[in-house]
Amino acid sequence: TESIIKVRDLKKHFPIHSAIPFVKSHQSVKAVDGVNFDVYKGETLGIVGESGCGKSTLARLINQLVHPSAGSVEFKGKDLATLSAKDVRAARKSIQMVFQNPDASLDPRKTIEFLIAEPLVIHNIGTKESRKQRVHELLETVGLSSYHARRYPHEFSGGQKQRINIARALALNPDVIICDEPVSALDVSVQAQVINLLKSLQKEFNLTYIFISHDLNVVRYMCDRIAVMYLGKVVETGTFQQLYEDPKHPYTKALLSAIPKENPFEQKERVILTGDVPSPVNPPSGCAFHERCQYVMDICKTDSPVLQTIEPENQVACHLY
Ligand code: SF4
Ligand code: MG
């Protein structure tokens, strides 16, 4: 399996400004705190975890919307931080994003045609006429009609707007689309349609997806592999099957025990997480999960476990292994 993206020791710490004038705060929010994983070409890698675990910051780091405090993101073998201006532009084209809020990228004063053509204009691709042609083609691709091109965002439902955002993301023929909770803001009845669209587009255009979600039913349907995040760190990676059938990390166990099994007689007992997610400003020492873990040992309070491979494709950061 060929890796299209490699994330290595990636960190993003946001400094906190002190409330006292002229007193410098040495604290920071450790949104992403030493993350490692690969994304394979053509797969859907799910990134799951409770809200505030750093998933969205991670997405923005990969898409170069924010710059890392440390570590690197490699795209097709090249570190994004060291690319020439020309290569940065190429990478920007190749990695697109679809956000949770369908309105976020749709300026209400612009027509759908303008909005879908915008990435082509920005990258100086085609003529006015060829872009128009391309917009019509993209509208059909996402299940809308070219007849919608002259309309404005407010004339569309949430699901349709998300289709428009997907058309925009496809305009530049990307290799990778990062989907940050792409259906969480939609009605449940519409979610399946958008998910099915994403799946069929992946086949048609040989796309690689990074799929960020807290909804495990959506993840189950969509993802080949999963990286589980807790407080800015990846605590386990594996195929969906591995994590669903034999989760190793106590946090993964708790998270995935919430998904119903197809055979109800196999249903494992639901593990209920107690306590709140600790603050990413002062994460607990050692294993950041130790205050909520039912298997906690002395070493967990002092030593931070590193991610290690325990079987092919399955990596876990926990002192139990
Ligand atoms: Fe629990 Fe220790 Fe494993 Fe952390 S390292 S998940 S505290 S057993
Ligand atoms: Mg988020």
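Colleague: Where is Leu-139 placed?
Modeller: Leu-139 is in helix H4, residues 128-141. Helices here are DSSP runs of H or I with at least four residues, strands are runs of E with at least two, and both are numbered from the N terminus. Before we go on: this is a predicted model, where local features need pLDDT of at least 70 and side-chain atom pairs count only at pLDDT 80 or more, while totals for chains, interfaces and linings use all residues. Residues are numbered from 1 along each chain as its sequence is written, and chains are lettered from A and ligands numbered from 1 in the order in which they are written.

Colleague: OK. Is Leu-139 buried or exposed?
Modeller: Leu-139 counts as buried because it has 21 C-beta neighbours inside 10 Å. The cut-offs, with C-beta atoms placed from the backbone: 20 or more other C-beta atoms within 10 Å is buried, 12 or fewer is exposed, and in between is partly exposed.

Colleague: And what does Leu-139 touch?
Modeller: Leaving out residues up to four places away in sequence, Leu-139 touches Leu-144, Ser-145, Ser-146, His-148, Ala-149 and Ala-167. Contact means that the C-beta atoms, placed from the backbone, lie within 7 Å.

Colleague: How about Arg-134, buried or partly exposed?
Modeller: Arg-134 is in helix H4 too, and it is partly exposed, with 18 other C-beta atoms within 10 Å. Setting aside neighbours within four places in sequence, Arg-134 contacts Leu-120, Gly-126 and Ala-171.

Colleague: Switching to H3, which residues are buried there?
Modeller: In H3, residues 112-122, the buried ones are Ile-112, Leu-115, Ile-116 and Ala-117. Their cover includes H4 and H5.

Colleague: How do the axes of H3 and H5 cross?
Modeller: They come within 7 Å and cross at roughly 30°. Ile-112, Leu-115, Ile-116 and Pro-119 of H3 meet Ile-164, Ala-167 and Arg-168 of H5. By class that contact has 6 nonpolar, no polar and 1 charged residues. The axes are lines fitted to C-alpha atoms, for helices over the stretch in contact, with angles from 0 to 180 degrees between N-to-C directions. As for the classes, Ala, Val, Leu, Ile, Met, Phe, Trp, Tyr, Cys and Pro are nonpolar, Asp, Glu, Lys and Arg are charged, and the others, Gly among them, are polar.

Colleague: What about H5 and H6, at what angle do those axes cross?
Modeller: Roughly 15°, with the axes of H5 (residues 158-170) and H6 (residues 188-205) coming within 10 Å. H5 and H6 are therefore roughly parallel to each other; that label needs an angle under 35 degrees.

Colleague: Which residues make that contact?
Modeller: Gly-158, Gly-159, Gln-162, Arg-163 and Ile-166 on H5, with Val-190, Gln-193, Val-194 and Leu-197 on H6.

Colleague: New topic: what is phi of Glu-181?
Modeller: Phi is near 50° for Glu-181, a positive value in a residue other than glycine. Glu-181 sits in the loop between strand S7 (176-180) and H6, and it is buried, with 20 other C-beta atoms within 10 Å.

Colleague: Last one, which residues come nearest to ligand 1?
Modeller: Cys-287, His-290, Cys-293, Cys-300 and Cys-318, out of 14 residues around ligand 1. A residue is near a molecule if its C-beta atom, placed from the backbone, lies within 6 Å of it. The shell around ligand 1 divides into 11 nonpolar, 3 polar and no charged residues.

How values were computed
Parallel < 35°, antiparallel > 145°, perpendicular 65-115°, else oblique. Contact = placed C-beta atoms within 7 Å.
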